[in-house]
Amino acid sequence: MPRDVYHLDLNSEKIKSACHVILPGDPGRVKAIAETPPFSNTMEIANKREFRTCLGYIHNMPALVTSTGIGGPSTSIAIEELAQLGVKTFLRVGTTGAIQQNIDIGDVIITSGAVRLDGASAHYAPLEYPAVAHYTLINALAEAAKELEIPYHVGITCSSDTFYPGQERCDSFSNYVPRRFNGITEEWRKLNVLNYEMEAATLLTMCSVFGLKGGCVEGVIVNRTGSEHITKEDMELGESNAVKVAVKAMEKLIVS
Ligand code: URA
């Protein structure tokens with residue numbers, strides 16, 4: 001009997017030796033992503049805690065979609081256990097808040113490297129170690145966005161363990177941003193960081209440490225230079241553009 005990994009409720013037989021995975025944060029997005037063409041014959045194969053997995057086929061090759069939950073700790077579990085089962089290519093798809101003025105709602109950001117403002121990646125490598133995407137994933141994502149005519153930006157992402165203080169949000173329960181983070185968005189902006197999200201640094205560090213391929217694409221749902229407010233329409237636009245780019249990029253990686 002193949003061994004089940006500890007959290008994901010998966011084993012090598014269940015995943016049909018798939019080597020590629022798309023990783024959204026939200027379990028509620030997994031099925032829709034895994035049913036986006038050219039995915040076919042999709043079925044749900046696990047659903048435990050925040051980790052839901054669908055198996056589908058892209059040009060007859062098995063490919064997975066697994067949710068990570070929010071943030072570094074649960075993302076690290078998903079990557080660890082999928083890597084233990086033989087997965088080699090990890091493509092995160094998510095949403096993000098832009099911090100540069102020239103980035104619009106619905107654009108996608110392709111992360112070339114991430115500021116490690118998470119905690120989980122430091123359990124895998126010292127902070128001096130870079131969180132960088134594999135060039136094949138950056139290229140596939142950029143080509144996919146170009147073909148789909150979805151505006152895209154390639155650059156540095158800040159991955160924060162918290163949505164509120166770490167991303168310098170004042171619209172929180174306390175309205176207080178600790179001194180460590182007060183003014184940090186302006187500093188990241190000056191350092192040409194494009195956006196905030198919560199998982200890229202963990203994923204990219206782990207993939208580099210393991211000798212595996214990692215990449216991230218995020219759909220912009222808010223631009224923090226103009227507003228803190230996230231509308232349902234903006235959320236849907238950012239999400240759906242990022243998913244289109246991720247699935248097309250995955251197709252390119254699988255057929256290449
Ligand atoms: N996800 C984040 O982490 N931050 C945002 O601003 C939007 C989505």
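Helices (H or I, at least four residues) and strands (E, at least two) are taken as DSSP runs and numbered from the N terminus. The model is a predicted one, in which local features need pLDDT of at least 70 and side-chain atom pairs count only at pLDDT 80 or more, while totals for chains, interfaces and linings use all residues. Residues are numbered from 1 along each chain as its sequence is written, and side-chain values use heavy atoms, with hydrogens and water left out.

Among the residues around the ligand are Thr-95, Thr-96, Phe-163, Tyr-196, Glu-197 and Ile-221. With Ala, Val, Leu, Ile, Met, Phe, Trp, Tyr, Cys and Pro counted as nonpolar, Asp, Glu, Lys and Arg as charged, and the others, Gly among them, as polar, the shell divides into five nonpolar, four polar and two charged residues.

A polar side-chain atom of Arg-169 lies 2.6 Å from a ligand oxygen, and an N or O atom in the side chain of Gln-167 is 2.8 Å from a ligand nitrogen. Gly-97 takes part through its backbone, where an N or O atom lies 3.4 Å from an oxygen atom of the ligand. Of the 240 Å² that the ligand exposes when taken alone, the protein buries 93%, with accessible areas coming from the Shrake-Rupley method with a 1.4 Å probe.

The space taken by the ligand is the largest pocket, a pocket being an open set of points, on a 1 Å grid over the protein atoms alone, where a 1.4 Å probe fits, with protein on both sides within 12 Å along at least five of seven lines, and lining residues having an atom within 4 Å of a point; a molecule sits in it if more than half of its atoms lie within 2 Å of its grid points. About 350 Å³ of space lies in this pocket. Its lining comprises 20 residues, of which Ile-70, Thr-95, Phe-163, Met-198 and Glu-199 lie nearest the centre. Strand 5 gives the largest share of this lining, five residues.

Elsewhere, a cis peptide bond with omega of about 10° joins Pro-37 and Pro-38, and Pro-38 lies in the loop between helix 1 (30–34) and strand 2 (39–48).

Key: A residue is near a molecule or strand if one of its heavy atoms lies within 4 Å of it. A polar contact is a pair of N or O atoms within 3.5 Å; within protein, one must be able to donate a hydrogen and the other to accept it, and residues adjacent in sequence count only if both atoms are side-chain atoms. Grid points are joined across faces, edges and corners, and a volume is the space filled by probe spheres set on the points.
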